[in-house]
Amino acid sequence: MTDSDAVAQSRDIATFRRALTHLAASEGPSSSVSDESLFPSSLLQHLTELGALTAPLPVEDGGLGLCSHPYGLMEMLRLTGCLSLSMGRCLEGHVNVLRLVALYGAHPQRTLLASAVKRGTLAGIWVTDGNTPVTITPTNTGYRLTGKKGFSSAVHEVGLALITARTAQDQTIMALVPTNDPVRITAGPGKLTGMTASGTGAYDFTGLVIHPENIVGQSGDYLRQPEFSAGAWRGSAVALGGMDRLTDLMLTELRNRKRDDNLHQQVRIGNALILRETASMWVCRAARAVCSTHLSPGDIAAIVNLARIAVEQAALELIPLVQRGLGLSAFVRGQAVEQVMRDLATYLRQPAPDETLTEAAHWFTDHPWPEDET
């Protein structure tokens with residue numbers, strides 16, 4: 001990339017970030033919500049029109065290369081999480097697909113994905129198996145899939161999904177497959193307490209035949225470090241957006257009640273801001289680590305894992321603080337603050353938190369904490 005190309009890219013990213021900020025400001029911290037079981041289609045439409053689906057694509061694939069600009073990507077995910085944690089979850093999954101295909105995919109797969117995304121296709125990453133795990137078997141011309149993916153976010157909206165499948169040799173491979181057959185969509189594992197607007201369901205891949213060009217990378221690439229752990233920072237950025245929304249809703253309600261000058265409420269407000277800023281600093285630290293040119297894979301994975309736990313802890317402290325500050329009104333169904341708390345608590349239930357923390361602690365027990373790049 002020439003200097004002039006880099007300047008043009010930076011200018012385009014700046015324009016995109018301004019458009020996102022304007023969208024977030026126009027929505028505002030509304031105190032009421034619509035039917036939370038409905039997928040946020042209008043917000044997805046707005047984000048698509050702004051270029052949020054294509055921005056994370058590499059520049060050579062027609063995107064803005066946002067995955068290489070951590071603060072731009074963090075801002076997009078944070079603002080989306082603030083507007084809707086459910087939409088944030090789906091957009092983060094979309095970014096994850098684009099990132100993995102850019103890392104491990106061949107040119108035809110990158111071209112296929114880029115073309116679909118430019119047409120407005122939302123991509124999804126579906127790796128959690130249903131009752132019947134997804135397996136893959138060679139045929140004379142390609143591969144046959146069997147099994148279901150459960151916890152498939154935006155199952156009715158996703159047009160392409162990156163899934164994992166097990167071979168007869170018990171190896172894990174990734175496949176990029178179309179998911180536009182409504183007959184294959186079934187109910188998910190049950191009604192979640194929160195994040196219901198993410199449209200989570202199950203998708204049955206049984207009998208679907210795919211071509212060799214649908215296979216992304218090599219066996220084991222999905223679990224390859226540091227990317228497997230490092231990508232978690234993006235989910236933390238979405239959760240941070242939920243903390244932004246929750247803090248704003250609390251402040252708005254206290255102001256409307258003229259309780260924001262109460263000393264006890266000011267203590268809660270101060271603590272809420274501390275928690276949010278603590279989470280923000282950890283997300284920024286993780287984003288810098290992921291894009292670092294001198295950190296080892298172990299350093300990157302451990303820093304991101306610590307950031308993930310730090311954001312989780314801060315958010316879990318924020319929720320009861322808001323409940324104490326607002327009282328019973330924080331528990332009224334139909335109020336945004338009540339829904340955001342449930343959505344955030346559900347979103348934070350990411351896999352293996354104890355293992356994530358102990359692995360990071362073990363790494364830095366044996367390795368010095370790296371200096372931050374300036």
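Visitor: Where is K118 found?
Guide: In this predicted model, K118 is found in helix α5, which covers residues 107-118.

Visitor: And which residues does K118 touch, not counting residues up to four places away in sequence?
Guide: Leaving out residues up to four places away in sequence, K118 touches T54, D61 and G62.

Visitor: How many residues apart in sequence are K118 and V101, and what is their C-alpha to C-alpha distance in space?
Guide: K118 and V101 are 17 residues apart in sequence, and their C-alpha atoms are 15 Å apart in space.

Visitor: Switching to the helices, at what angle do α7 and α9 pack?
Guide: Helix α7, residues 232-256, packs against helix α9, residues 297-326, at an angle of about 20 degrees, with the two axes 10 Å apart. Because of that angle, α7 counts as roughly parallel to α9, and the crossing of these two helices is left-handed.

Visitor: Which residues make that contact?
Guide: On the α7 side the contact includes A232, W233, S236, A239 and M243, and on the α9 side the residues include V304, A307, R308, V311 and A314. By class, the residues of the contact of α7 with α9 divide into 17 nonpolar, three polar and two charged.

Visitor: How do α3 and α7 pack?
Guide: Helix α3, residues 70-83, packs with α7 at an angle of about 45 degrees, and their axes are 7 Å apart. That angle makes α3 oblique to α7, and the crossing of α3 and α7 is right-handed.

Visitor: What makes the contact there?
Guide: From α3 the contact takes P70, L73, M74, L77, R78, G81, C82 and L83, while the contributions of α7 include W233, R234, A237, V238 and L240. The contact of α3 with α7 has 10 nonpolar, three polar and four charged residues.

Visitor: Back to α9, then: why is α8 described as roughly antiparallel to it?
Guide: Helix α8, residues 263-290, and α9 pack at an angle of about 165 degrees, with their axes 9 Å apart. Since angles over 145 degrees count as roughly antiparallel, that makes α8 roughly antiparallel to α9. α8 passes α9 in a left-handed crossing, and the residues of the contact of α8 with α9 divide into 18 nonpolar, three polar and four charged.

Visitor: New topic, the largest pocket: how much space lies in it?
Guide: About 1300 Å³ of space lies in the largest pocket. Its lining is made of 46 residues, of which E92, V127, Y222, Q350 and P351 lie nearest the centre of the pocket.

Visitor: Which element gives the most to the lining?
Guide: That is α4, which gives seven residues to the lining of the largest pocket. Among the elements that each supply at least two residues of this lining are α4 (85-104), the strands β1 (122-126) and β4 (148-152), and the helices α7, α9, α10 (336-347) and α11 (353-366).

Visitor: What about the classes of the lining residues?
Guide: The lining of the largest pocket divides into 21 nonpolar, 16 polar and nine charged residues.

Visitor: On the backbone, what is the peptide bond from Q225 to P226, cis or trans?
Guide: The peptide bond from Q225 to P226 is cis, with omega near 5 degrees, and P226 is found in the loop between β10 (215-216) and α6. As background, most peptide bonds are trans.

Visitor: And D170, what is its phi, positive or negative?
Guide: D170 has a positive phi of about 65 degrees although it is not a glycine. Most residues other than glycine have a negative phi. D170 is found in the loop between β5 (158-166) and β6 (172-178).

Methods. Residues numbered from 1 in each chain as written. Predicted model: local features only at pLDDT ≥ 70, side-chain atom pairs only at ≥ 80, totals over all residues. Heavy atoms only, no water. Axes fitted to C-alpha atoms, helices over the stretch in contact; angles between N-to-C directions. Helix = DSSP H or I, 4+ residues; strand = E, 2+ residues; numbered from the N terminus. Parallel < 35°, antiparallel > 145°, perpendicular 65-115°, else oblique. Left-handed = near helix turned anticlockwise from the far one by under 90°. Contact = heavy atoms within 4.5 Å. Nonpolar A, V, L, I, M, F, W, Y, C, P; charged D, E, K, R; others polar. 1 Å grid on protein atoms, 1.4 Å probe; cavity = no way out; pocket = protein on both sides within 12 Å on 5 of 7 lines; lining within 4 Å. Points joined across faces, edges and corners; volume = space filled by probe spheres on them.
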